Amino acid sequence: MKSLILKTLATDKSLTEFFLRVALGAMILPHGLQKTFGAFGGYGYTGTMQFFTDTMGIPAPFAFMAIAAEFAGGFALILGIGTRWAALLVGAVMAVAALTSHVQNGFFMNWFGNQKGEGWEFHLLAIAIAVALVVRGGGAYSTDLVVSKKLS
């Protein structure tokens, strides 16, 4: 078991992973705060759950996991706690969002307001960052690095 935990936390002191981790966390955390607490004009937990389950037809356990992935995953990424798991969950949320809510709008973001909604180009970048973090870990200044060094 200890070996599995060490493999999950293992990372090096790379600044590249640090910057990717903090950027992905800083991007997703405000979305999680919208969905959890209604910050930044969001609907809060109850409103988001109602929208996900009633309007979008997402089963409640999956709706809860999406909210938790954005909120807790954002914090975890910024702090580098369980980076691989947090990145995997955030990447999954971005992939599902792209496929269910954005792919029908095409590739490009709606920079000029001339299409029905946002495309999926932004999601592709977030997914790519998440994959890099799953593969490489949290990098420099991560809690994962500190804990893995103490356990090894």
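## Helix H4 against helix H5

Helix H4 and helix H5 (residues 83-102) pack at an angle of about 140°, and their axes are 9 Å apart. H4 therefore counts as oblique to H5, since angles over 145 degrees would be needed for roughly antiparallel. The crossing in which H4 passes H5 is left-handed. Please keep in mind throughout that this is a predicted model.

Which residues make this contact? On the H4 side they are Ala66, Ala69, Glu70, Gly73, Ala76 and Leu77, and on the H5 side Thr83, Ala86, Ala87, Leu89, Val90 and Val93. By class, the residues of the contact between H4 and H5 divide into 9 nonpolar, 2 polar and 1 charged.

Two packed helices are described by the angle between their axes and the distance between the axes. With that in hand, we can turn to H2 and two of its contacts.

Helix H2 (residues 15-37) meets helix H4 (residues 60-79) with axes that come within 7 Å and cross at roughly 145°. Here too the contact has 13 nonpolar residues, along with 5 polar and 3 charged ones. H2 passes H4 in a left-handed crossing.

The axes of H2 and H3 come within 4 Å, crossing at roughly 95°. H2 is therefore roughly perpendicular to H3, because that label covers angles of 65 to 115 degrees. From H2, the residues Gln34, Lys35, Thr36 and Phe37 take part, and they meet Gly44, Tyr45, Thr48 and Phe52 in H3. How do the residues of this contact divide by class, and how many are charged? There are 3 nonpolar residues, 4 polar ones and 1 charged one in the contact of H2 with H3.

## Met27, a buried residue of H2

Met27 is part of helix H2. Is Met27 buried or exposed? Its relative accessibility is 17%, so Met27 counts as buried, the cut-off for that label being under 20%.

Where does Met27 find its contacts once neighbours within four places in sequence are left aside? Met94, Phe122 and Ala126 are the residues in contact with Met27. There is also a pairing across the sequence to look at: Met27 and Gly74 are 47 residues apart along the chain, while their C-alpha atoms are 7.7 Å apart in space.

## Two loop residues with positive phi

Phe40 sits in the loop between H2 and helix H3 (44-55). Its phi is near 55°, a positive value in a residue other than glycine. Phe40 has a relative accessibility of 59%, so it counts as exposed, given that exposed means over 50%.

Tyr141 is found in another part of the chain, in the loop between helix H6 (121-136) and helix H7 (143-151). Tyr141 is not a glycine either, and has a positive phi of about 60°. Because its relative accessibility is 64%, Tyr141 counts as exposed.

## Thr8 in the H1 helix

Our last stop is Thr8, which has its place in helix H1 (residues 2-9). What does the side chain of Thr8 reach? The side chain comes to 3.0 Å from the backbone oxygen of Leu4. Not counting residues up to four places away in sequence, Thr8 also touches Arg84 and Trp85.

Notes
Residues numbered from 1 in each chain as written. Predicted model: local features only at pLDDT ≥ 70, side-chain atom pairs only at ≥ 80, totals over all residues. Heavy atoms only, no water. Polar contact = N/O pair within 3.5 Å; in protein donor to acceptor, adjacent residues only side chain to side chain. Contact = heavy atoms within 4.5 Å. Axes fitted to C-alpha atoms, helices over the stretch in contact; angles between N-to-C directions. Left-handed = near helix turned anticlockwise from the far one by under 90°. Nonpolar A, V, L, I, M, F, W, Y, C, P; charged D, E, K, R; others polar. Buried < 20%, exposed > 50% of the residue type's maximum accessible area, 1.4 Å probe, protein only. Parallel < 35°, antiparallel > 145°, perpendicular 65-115°, else oblique.
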